[in-house]
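Keep the sequence and the model side by side.

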Amino acid sequence: RVREAVVSTQSTGGQQPQPNAMANGAQQRSRYGQGTVRNPMMQTDLMNQEPLTPQVLNAARPEEQKQMLGEKLYPIIQSMQPELAGKITGMLLEMENSEILHMLEDSASLTSKVNEAVAVLQAHQQKLADQQKIAK
């Protein structure tokens, strides 16, 4: 029994596992919640990134353009909504490239769209929960 405990703590770096802790160090209190705690090791230095200009974007093939935009959007969105960054980035990449470039330049616009995407995801999650209640 003691050996199991030693093996258990060795696999977690000597720390006891946290029941609500996630692998990357973030803790989530609600699925789309305000109660997330970011892992400081995952934060990106956003100020040192070169801006993506329309000229650079237009020089790329269409399939590369969305990839380039996504690579700029994801770390910014991750700093706002770590648990939903991939899903929100995908949602925003469905917009026109010019709109995405505008959001990359105007943080208030991007924040507004991220909040809108979170609201859509929350509404969808609630709809699924309601359907499950009806099915039971």
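Start at Val 114. Beyond its neighbours within four places in sequence, Val 114 is in contact with Ile 77, Met 80, Gln 81, Ile 88 and Leu 92. Contact here means heavy atoms within 4.5 Å.

This is a predicted model: local features need pLDDT of at least 70, side-chain atom pairs count only at pLDDT 80 or more, and totals for chains, interfaces and linings use all residues. Residues are numbered from 1 along each chain as its sequence is written, and side-chain values use heavy atoms, with hydrogens and water left out.

Val 114 belongs to the largest nonpolar core, which holds 19 residues. Such a core is a set of buried Ala, Val, Leu, Ile, Met, Phe, Trp, Tyr and Cys residues joined through side-chain atoms within 4.5 Å. Buried means under 20% relative accessible area, exposed means over 50%, and partly exposed lies in between (1.4 Å probe, protein chains only). Which members touch the most other members? They are Ile 77, Ile 88, Leu 92, Leu 110 and Val 114. Helices H3 (62–80), H4 (85–92), H5 (97–105) and H6 each give two or more residues to this core. H6 gives the most, with five residues. Helices (H or I, at least four residues) and strands (E, at least two) are DSSP runs, numbered from the N terminus. In soluble globular proteins, nonpolar side chains tend to be buried together.

Stay on H6 and find Ala 117. Ala 117 is buried, at 4% relative accessible area. Leaving aside neighbours within four places in sequence, Ala 117 is in contact with Ile 88 and Met 91.

Now look at how H5 meets H6. Two packed helices are described by the angle between their axes and the distance between the axes. For H5 and H6 the angle is about 115 degrees and the axes are 5 Å apart. Axes are lines fitted to C-alpha atoms, for helices over the stretch in contact, and angles run from 0 to 180 degrees between N-to-C directions. H5 and H6 are therefore roughly perpendicular; that label covers 65 to 115 degrees, with under 35 roughly parallel, over 145 roughly antiparallel and the rest oblique. On the H5 side, His 102, Met 103 and Glu 105 take part, and they meet Ser 107, Ser 109, Leu 110 and Lys 113 of H6.

The structure holds three salt bridges, each a side-chain nitrogen of Lys or Arg within 4 Å of a carboxyl oxygen of Asp or Glu. Lys 113 pairs with Glu 116 at 3.7 Å, N to O. Both lie in H6 (residues 107–135), three residues apart, about one turn of the helix. Lys 113 is partly exposed at 26%, and Glu 116 is partly exposed at 44%.

Shared partners join Arg 61, Glu 63 and Glu 64 into one network of salt bridges. Arg 61 meets Glu 63 at 2.7 Å, N to O. Arg 61 also bridges to Glu 64, where the closest N and O atoms are 3.5 Å apart. Arg 61 is partly exposed, with 48% relative accessible area. Glu 63 counts as exposed at 52%, while Glu 64 is partly exposed at 33%.
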